[in-house]
Amino acid sequence: MTDAVALVPLFPLLAVLVNLFIGKRLSKKAVGILACGAVGASLGASVLAVAGLMAMEVGHRSVEVILFPWIVSGGFQVPIGFLLDPLSAVMILVVTGVGFLIHVYSTGYMHEDAGFARYFLFLNLFVFAMLLLVLGNSYLLLFIGWEGVGLCSYLLIGFWFTKDSASDAGKKAFIVNRVGDFGFILGMLLIVYHFGTLHYGQVFARAPELFHAGDLPMVLITALLFVGAMGKSAQLPLHVWLPDAMEGPTPVSALIHAATMVTAGVYMVCRSSALYELAPVILSLVAVIGCLTAFFAGTIALVQNDIKRVLAYSTVSQLGYMFLAAGVGAYVAAIFHLVTHAFFKALLFLGSGSVIHALHEEQDIRKMGGLKKYMPTTHRTFVIGSLAIAGIPPLAGFMSKDEILYEVFNAGKGTGWVLLWIGGIVTALMTAFYMFRLVYLTFYGESRMDEEVEKHVHESPPPITVPLTILAVLSAVGGFLGIPVIKKWNIMHNWLGEAFHAAAEHTTEAATHAASAVSHLTVELGLMTVSVVVAVSGILIARTIILRRPALAEKMRNDYSFLYSLFLNKWWVDELYDLTIVNPLKRFADMCWSVFDVKGIDGTVNGTAKVANVSGGVLRKLQTGFVQNYALGIVIGLALMLVLAFF
Amino acid sequence: MLDILVPDFRVIAPELILIVTAFVIIFWELITRTARHGMSIFLGAAGTLVALAVTASLAQKTISTFGDALVLDPFASFFKMIFLVGLLLTIAISTRYMVDEGTKDHSEYYGLLILAVVGMMVLATGRELITIFLGLELMSMSLYVLAGLFKTDVRSNEAALKYFVLGSFATCFMLFGMSYIYGIAGTTHLRQIGRAIAENPALLADKGLILGMFTLLVGFAFKISAVPFHQWTPDVYEGAPTSVTAFMSAGPKAAAFAAMIRVLMEALPLMKTDWELLFTVVAVLTMTVGNLVALAQESVKRMLAYSSIAHVGYILIAFVASVGGHADRALSAILFYLLAYTFMNTGAFAILIFLRREGISGEKLDDFAGLSRRSPIGALAMLIFLFSLAGIPPTAGFAAKLSVFYAAVQGGYYALVVIGVINSAVAAYYYLRVVVVMYMQEPATEGGYAGTSPLLWAGIALALAGTIVLGVLPGGVLEAARLSVISLL
């Protein structure tokens with residue numbers, strides 16, 4: 001049954017090919033069925049393969065399916081092969097599962113769009129590339145998927161390419177990701193240099209034999225790979241592209257820029273845990289960057305007025321949590337949060353899409369309000385998603401976030417690590433606040449909509465509400481995959497545990513360390529209480545400021561005007577980049593163009609062409625058409641030859 | 001010698017087959033006087049195929065006969081195959097063209113084509129100066145007549161006359177050179193000339209021998225149209241019937257190269273230093289002049305004439321390189337280049353024929369406008385031929401140029417390679433200009449093409465297949481070429 005894994009990426013690829021060649025001639029209905037059917041079939045194959053994997057003995061759950069040799073160059077070989085293990089199993093289920101729901105949602109959301117077939121072509125291609133990314137058995141295949149999803153992301157951000165802002169955002173995403181990819185490629189080259197292969201199994205097996213923890217090659221490799229992850233997963237300082245990526249259609253934001261692609265960096269770091277464990281410095285760096293990003297993006301989300309931008313910064317912030325978890329060696333927690341985040345963030349994005357659709361593409365929450373009575377299903381599911389991300393038990397977000405904070409607290413590497421935990425808790429408070437600010441401004445209070453818009457507001461059709469409902473259920477109960485306290489019931493830990501051998505020692509050590517200090521259970525319950533208190537207070541503060549006393553919001557805005565504009569303007573990071581990198585580069589490029597290219601190269605090229613043309617014209621005149629002249633030419637030629645020979 | 005009395009006819013088996021074919025065709029035409037010439041076409045193609053099969057079956061053999069005046073070795077066989085492929089292509093592309101453009105009565109056309117090929121084969125087989133001269137004259141005479149085949153067309157007449165007058169002039173030089181060499185070496189047999197020089201090194205400094213060699217080379221240089229002995233080429237190529245031009249620009253040049261290689265390698269290898277410098281200068285001149293003047297042409301037919309001059313320049317690079325260490329590689333590059341050129345050049349001319357319409361010759365650049373719209377396949381075929389002529393991978397032209405330049409680099413002739421590459425860049429302009437016109441300009445007039453026929457399409461397909469196969473998988477043919485030149489070294 002595990003062989004079914006080979007079919008998982010195949011279905012979307014076939015759909016891409018069909019759509020590519022005859023998509024324009026198919027009806028919208030046929031295109032929709034083709035695209036959803038492909039991802040649905042892929043989901044079925046995934047379930048089958050994972051079921052096969054579950055049937056295997058614990059500790060031996062790892063299957064490699066080699067399809068065919070791809071690169072064979074001397075001793076260096078890269079076959080096209082898939083690796084199915086607990087980690088990739090979780091990933092393919094999330095990608096195909098959430099992907100399927102979002103495909104269905106898209107058939108409703110994009111129904112009026114002229115580029116319907118093109119949209120699903122890109123979306124299927126994305127699913128294929130993402131599956132290749134998580135299923136590949138080597139860094140090279142991961143990288144192909146990595147670049148593939150990057151390409152699809154670019155194409156889909158700029159899907160409405162006639163809009164300047166959309167095509168600019170697409171370019172920005174692509175270029176910023178190149179910076180990360182550059183690091184990633186260098187990392188891969190170093191792996192080839194030191195290990196002679198990019199195959200996971202061989203690299204991870206040899207790494208502990210060849211290197212000690214903290215050896216320079218390990219530090220460099222992991223650091224460079226992490227640069228790639230920073231780009232893909234929008235971590236400081238390469239986070240700037242993700243908020244702009246919201247120019248794409250909303251289901252794209254849900255699938256690519258929330259649930260799946262942006263988590264590729266987290267997956268890659270967890271997949272490479274064997275390497276990261278040998279570079280403790282970089283692991284700490286991952287944790288610090290993650291925590292800083294979580295906090296930083298949280299502050300920005302507090303004051304944004306565009307419904308999708310709030311969610312975008314929230315995504316950046318939640319990704320920060322995942323890296324924080326990975327950085328303290330809690331890979332299971334990171335993947336767990338990745339899964340629950342996929343549920344509730346996809347839900348929230350799709351919910352916002354439903355709102356935006358109903359309000360005729362209005363995205364400004366200042367022009368919403370009171371939507372609760374018009375859109376009951378959207379409202380209910382959105383609130384569930386918000387409660388989940390805010391961390392209200394027993395919803396999914398509570399379970400995973402709490403586990404991360406617990407692991408950070410217990411990492412026990414000195415006072416510095418308490419700061420990380422505090423960062424996490426403060427971010428949790430902000431998360432609860434900004435999410436419920438969003439909920440209250442959108443669905444509660446007085447309507448601030450234009451009258452014209454308000455007349456037409458309506459609940460969305462079933463293709464939109466059904467996926468919302470399913471995702472709401474998943475966001476509500478998804479957390480039970482990782483029940484805290486009672487380890488025996490923690491499915492996530494039992495399932496993923498074996499994927500992180502090296503990491504296992506790490507955490508056990510930390511756990512025993514913590515256990516010796518205070519009672520294990522007390523700490524866990526205590527931290528849980530803190531989390532809940534923080535989440536509830538965040539919601540209550542939002543309720544007070546937004547619903548009860550709007551004047552207070554006004555006052556705070558004025559009293560802390562510097563902080564307000566700092567957050568509103570995203571810490572001026574974009575401006576900083578423009579000033580220090582983008583504009584100097586542009587000026588340099590301009591100079592290269594006007595001086596070097598136009599005058600130097602073009603001048604040389606055109607000049608040469610002119611010389612060639614003119615001399616061609618002159619030589620042509622020698623061709624007089626008279627036989628006598630030609631005969632003379634022969635004689636002169638011979639004479640010159642003899643001169644050459646004799647003198 | 002005994003074998004003068006009992007010659008080994010296997011050496012000239014393909015020649016004999018062709019001669020018989022040619023005479024049957026000529027007499028058949030005389031008797032029946034049909035206007036369609038279907039029988040002649042069939043006989044010509046069949047004779048060519050049989051000759052090709054016989055040549056292929058003898059390709060590995062080395063036999064000499066007639067007192068070693070004729071030798072069949074892999075080198076000769078390789079060239080014979082080039083000629084026969086060229087002949088086959090020419091027959092395929094000329095059937096409809098001859099009926100439409102020529103006089104009703106062109107009974108001698110196929111016979112003359114075949115006799116010209118017999119002449120070329122003798123050139124490639126001859127190991128003795130008089131035999132070589134005979135082959136050269138048989139080939140040239142046939143070509144003179146073919147160039148003037150359109151008796152009522154002034155340009156055709158002019159081409160034939162110019163070709164004949166200048167050709168005779170060049171032949172004089174050649175005979176003059178041969179007589180000097182004979183006078184000094186005391187023999188006309190190539191191997192014996194070589195031995196005579198080797199046994200008496202004083203001859204190397206003999207001014208008479210150098211004079212003889214150079215005047216002999218003038219004759220060859222004329223036939224391969226190397227600068228400055230090229231001036232007849234554009235006029236003749238432009239005036240001659242297009243199918244004849246296609247034929248002339250490939251096979252006869254290859255034949256002249258075959259004879260020249262054999263003479264220099266077997267008779268005058270010790271004079272290397274003299275002809276190395278000569279060919280260096282001539283190669284540079286030929287490439288540069290051919291390409292530069294081609295830039296200024298408005299007629300595609302004339303442009304292809306200059307381009308054929310430029311290609312000779314590239315081939316001469318390999319000739320110079322043969323003096324260096326890797327003579328086998330350099331000479332095999334020449335053989336490969338000539339085969340590749342036969343395919344791509346005849347293909348390009350086939351498209352010219354294809355383009356003819358009512359009142360339009362299909363030779364002007366403007367005639368190509370909008371071809372991609374009206375005949376996508378024709379345009380694509382032309383695109384591939386032009387890419388190949390320009391030397392863009394994965395075509396035969398690229399592989400050919402690469403093997404020539406590679407041989408030159410191995411021999412250490414870096415400056416020649418640099419000049420060759422620069423010339424290729426210049427050449428790309430005038431080839432690609434045709435592509436631009438085909439794909440990016442609107443057609444001036446509507447309507448179809450008059451010149452198409454199944455045989456023409458077959459010819460284009462064969463040329464395309466050769467151009468692509470030699471480009472994608474050049475290894476086998478290159479190796480065969482290398483093995484066939486080893487016997488000369």
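A: Buried area is the accessible area, taken with a 1.4 Å probe, that two parts lose on being put together, summed over both. The model is predicted. Between chain A and chain B the buried area is about 2400 Å². Carbon and sulfur atoms give 77% of that area. On the side of chain A, Gln623(A), Ile634(A) and Met641(A) lose the most area to chain B. Together these three make up 26% of what that side buries.

In contacts, 24 residues of chain A meet 30 residues of chain B. Two residue pairs are in polar contact across the interface, both at pLDDT 80 or more. The number of salt bridges between the chains is zero.

Which elements of chain A give two or more residues to this side? They are helix H26 (573–621) and helix H27 (627–646). H27(A) gives the most, with 14 residues. By class, the side of chain A that touches chain B has 14 nonpolar residues, nine polar and one charged.

Now the local detail, starting with a loop of chain B. Thr187(B) sits between helix H7 (154–185) and helix H8 (190–199). Thr187(B) has 12% relative accessibility, so this residue counts as buried. Its side chain reaches the backbone nitrogen of His189(B) at 3.0 Å. That side chain also makes a polar contact with the side chain of Gln192(B), again at 3.0 Å. Beyond four places in sequence, Thr187(B) touches Tyr182(B), Gln192(B) and Ile193(B). Leu129(B) is 58 residues away along the chain, with 9.0 Å between the two C-alpha atoms.

Next, the backbone. Most residues other than glycine have a negative phi, and most peptide bonds are trans. Chain B has a cis peptide bond between Val227(B) and Pro228(B), with omega about 5°. Pro228(B) belongs to the loop between helix H9 (207–223) and helix H10 (232–239). Another cis bond runs from Pro393(B) to Pro394(B), with omega near 5°. Pro394(B) is placed in the loop between helix H16 (376–390) and helix H17 (396–411) of chain B.

In chain A, phi is positive at His360(A), near 55°. Glu361(A) also has a positive phi, near 65°. His360(A) lies in the loop between helix H15 (331–358) and helix H16 (376–390) of chain A. Glu361(A) is found in the loop between H15 and H16 of chain A. His360(A) is exposed, because its relative accessible area is 51%. Glu361(A), at 48%, counts as partly exposed.

Definitions and conventions:
Residues numbered from 1 in each chain as written. Chains lettered and ligands numbered in written order. Predicted model: local features only at pLDDT ≥ 70, side-chain atom pairs only at ≥ 80, totals over all residues. Heavy atoms only, no water. Helix = DSSP H or I, 4+ residues; strand = E, 2+ residues; numbered from the N terminus. Buried < 20%, exposed > 50% of the residue type's maximum accessible area, 1.4 Å probe, protein only. Contact = heavy atoms within 4.5 Å. Polar contact = N/O pair within 3.5 Å; in protein donor to acceptor, adjacent residues only side chain to side chain. Salt bridge = Lys/Arg side-chain N within 4 Å of Asp/Glu carboxyl O. Nonpolar A, V, L, I, M, F, W, Y, C, P; charged D, E, K, R; others polar.
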